[in-house]
Amino acid sequence: MKIAVFASGNGSNFQAMIDAMENGALSVEIGLLVCDKPGAMAIERAKAHSIPTFVFAAKSYASKEAFETDILEQLRAHQIEWIFLAGYMRLIGTVLLEAYKGRIVNIHPSLLPAFPGKDAVGQALEAGVKETGVTIHFVDEGMDTGPVIAQAPVPIEPSDTHKSLHQKIQALEHTLYIQTIQTLVTGVKLS
Ligand code: GRF
């Protein structure tokens with residue numbers, strides 16, 4: 001089973017997938033990294049593990065349809081079956097949604113539908129809630145709106161800062177995403 005990962009930044013979730021693939025916890029091949037930020041750390045992570053990359057600058061295309069058509073060509077060339085978003089900071093458009101219907105998944109650092117969009121960690125702290133978490137969901141045309149696949153909570157302590165809460169959420173993301181990907185692509189649940 002070949003998957004693609006889409007990332008725009010650091011790529012710690014991408015790294016967790018690479019590690020799980022290499023230690024056998026994840027029975028997939030990461031066949032392509034798609035990245036819209038030429039300087040992103042995620043690209044270095046791919047290179048270090050000989051994972052092919054497709055890096056593009058959206059501003060050199062006339063439209064989302066145009067760059068998604070190029071992405072689709074790459075996905076097909078690499079025989080990609082599933083797409084996992086990991087900090088990809090763009091809405092997926094109709095070109096990819098139609099080609100990969102029901103096979104595009106995103107991870108978001110809140111208990112959706114609470115706190116969609118940017119800086120979900122900051123939004124949760126600002127709202128003063130006692131609990132936030134992680135959501136993994138199918139992607140549709142909206143911003144963090146598709147059907148939920150998995151969720152897990154993270155308690156917010158009074159002493160939490162943006163940094164400490166973000167770290168707790170990311171640690172949970174790295175295990176929950178691996179388990180969920182494995183379940184989705186193989187139908188076998190990890191213990
Ligand atoms: C994660 O918190 C994910 O939930 C959100 O973007 C962040 C990406 O982090 N969609 P990283 O690049 O994987 O470290």
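This is a predicted model: local features need pLDDT of at least 70, side-chain atom pairs count only at pLDDT 80 or more; totals for chains, interfaces and linings use all residues.
Let me begin with the ligand. There are 14 residues around the ligand, and the closest of them are Asn-10, Ser-12, Asn-13, Gly-87 and Pro-109. If we ask which elements give two or more residues to this shell, they are α1, covering 12-22, β5, covering 104-108, and α6, covering 162-186. The largest share comes from α1, which supplies three residues. Sorted by class, the shell holds five nonpolar residues, eight polar ones and one charged one.

Next, please find helix α5, residues 120-127, where Ala-120, Val-121 and Ala-124 are buried. Why do these three sit on the same side of α5? They cover an arc of only 105 degrees around the axis, and therefore they share one side of the helix. What do the buried residues of α5 pack against? Their partners are β5, β6, which covers 131-138, and α6. Just after the helix ends, Gly-128 takes a positive phi of about 75 degrees.

That brings me to strand β5, where His-108 lies. UniProt, in an unreviewed entry, places the feature "active site" at His-108. Is His-108 buried or exposed? It counts as buried, because it has 23 C-beta neighbours inside 10 Å and the cut-off for a buried residue is 20 or more. Leaving aside neighbours within four places in sequence, His-108 is in contact with Ala-120, Thr-135, His-137 and Asp-144, and you will remember Ala-120 as one of the buried residues of α5.

Finally, Leu-112 is found in the loop between β5 and α5, and with 20 C-beta neighbours inside 10 Å Leu-112 also counts as buried. Again not counting residues up to four places away, Leu-112 touches Thr-135, His-137, Asp-144 and Val-148. Leu-112 and Gly-146 are 34 residues apart in sequence, whereas their C-alpha atoms are 9.7 Å apart in space.

Technical notes
Residues are numbered from 1 along each chain as its sequence is written. A residue is near a molecule or strand if its C-beta atom, placed from the backbone, lies within 6 Å of it. Helices (H or I, at least four residues) and strands (E, at least two) are DSSP runs, numbered from the N terminus. Ala, Val, Leu, Ile, Met, Phe, Trp, Tyr, Cys and Pro count as nonpolar, Asp, Glu, Lys and Arg as charged, and the others, Gly among them, as polar. A residue is buried if 20 or more other C-beta atoms lie within 10 Å of its own, exposed if 12 or fewer, and partly exposed in between; C-beta atoms are placed from the backbone. The arc is that of the directions from the helix axis to the C-beta atoms. Two residues are in contact if their C-beta atoms, placed from the backbone, lie within 7 Å. UniProt positions are given in the numbering used here, feature names are shortened, and annotations may be inferred rather than shown by experiment.
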